[in-house]
Amino acid sequence: ITYLSRFLLTYDPDCRQWWRERNGTANNNNNNNNKTQQQPPTKPKTTAARNFADFSASVEVGLQRYPGPDGPARLLTSLSDRYTGREVRRQLAILFAFLETKQPVRGIATLLQSVDDASVTSVAVIDGGGGYALG
């Protein structure tokens, strides 16, 4: 949940905007007339931690839309369709690799292949091996 929450706060514009508004960073100018900036938060780390906990809880609720053994694979497909880019795909592969069960291995492999953007142009067998009985 934590890694997915951080992923969304990093790559989703709406989630990022929600975070900025909740943590008083929506307006980054130095306007001294802004009442929020005149009054420093009493416990900024506590507020940010509470906001992150709230956000993570809502992410967890959202995950209920992906039940069953194919849920992680469907979520991976949904996220990879919505968020593009080399680094995003790498982060999605890392995210789903953390799953202890129901890892969408094929989806992770596909993401990593798209990140590598590599192809095999030739293969040279230097030593064909030996010592094995045929048949």
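Predicted model: local features only at pLDDT ≥ 70, side-chain atom pairs only at ≥ 80, totals over all residues.
Entry 1, helix 7. I looked up its extent first. Helix 7 covers residues 105–116, which is 12 residues. From first C-alpha to last it reaches 16 Å, close to the 16 Å expected at 1.5 Å a residue.

I asked which residues of helix 7 are buried. They are Ile108, Leu111 and Val115. Seen down the helix axis, the buried residues of helix 7 fall within an arc of 60°, so they line one face. In general, an α-helix has 3.6 residues a turn, so residues three or four places apart point the same way. I then checked the face of helix 7 turned away from the buried side, and found the exposed residues Val105, Arg106, Thr110, Gln113 and Asp116 there.

The buried residues of helix 7 pack against helix 5 (71–82) and helix 6 (86–97). Just after helix 7, I noted that aspartate 117 takes a positive phi of about 50°.

I looked up the largest nonpolar core and found 19 residues in it. Leu4, Leu8, Leu79, Leu92 and Phe96 have the most contacts inside this core. At least two of its residues come from each of helix 1 (2–11), helix 4 (44–62), helix 5, helix 6 and helix 7. Helix 6 gives the largest share, five residues.

I took one of the residues with the most contacts inside the core, Leu8, and listed its partners. With neighbours within four places in sequence left aside, leucine 8 is in contact with Cys15, Phe55, Val59 and Tyr83.

Conventions:
Residues numbered from 1 in each chain as written. Heavy atoms only, no water. Helix = DSSP H or I, 4+ residues; strand = E, 2+ residues; numbered from the N terminus. Expected span 1.5 Å × (residues − 1). Buried < 20%, exposed > 50% of the residue type's maximum accessible area, 1.4 Å probe, protein only. Arc of directions from axis to C-beta. Contact = heavy atoms within 4.5 Å. Core = buried A, V, L, I, M, F, W, Y, C linked by side-chain atoms within 4.5 Å.
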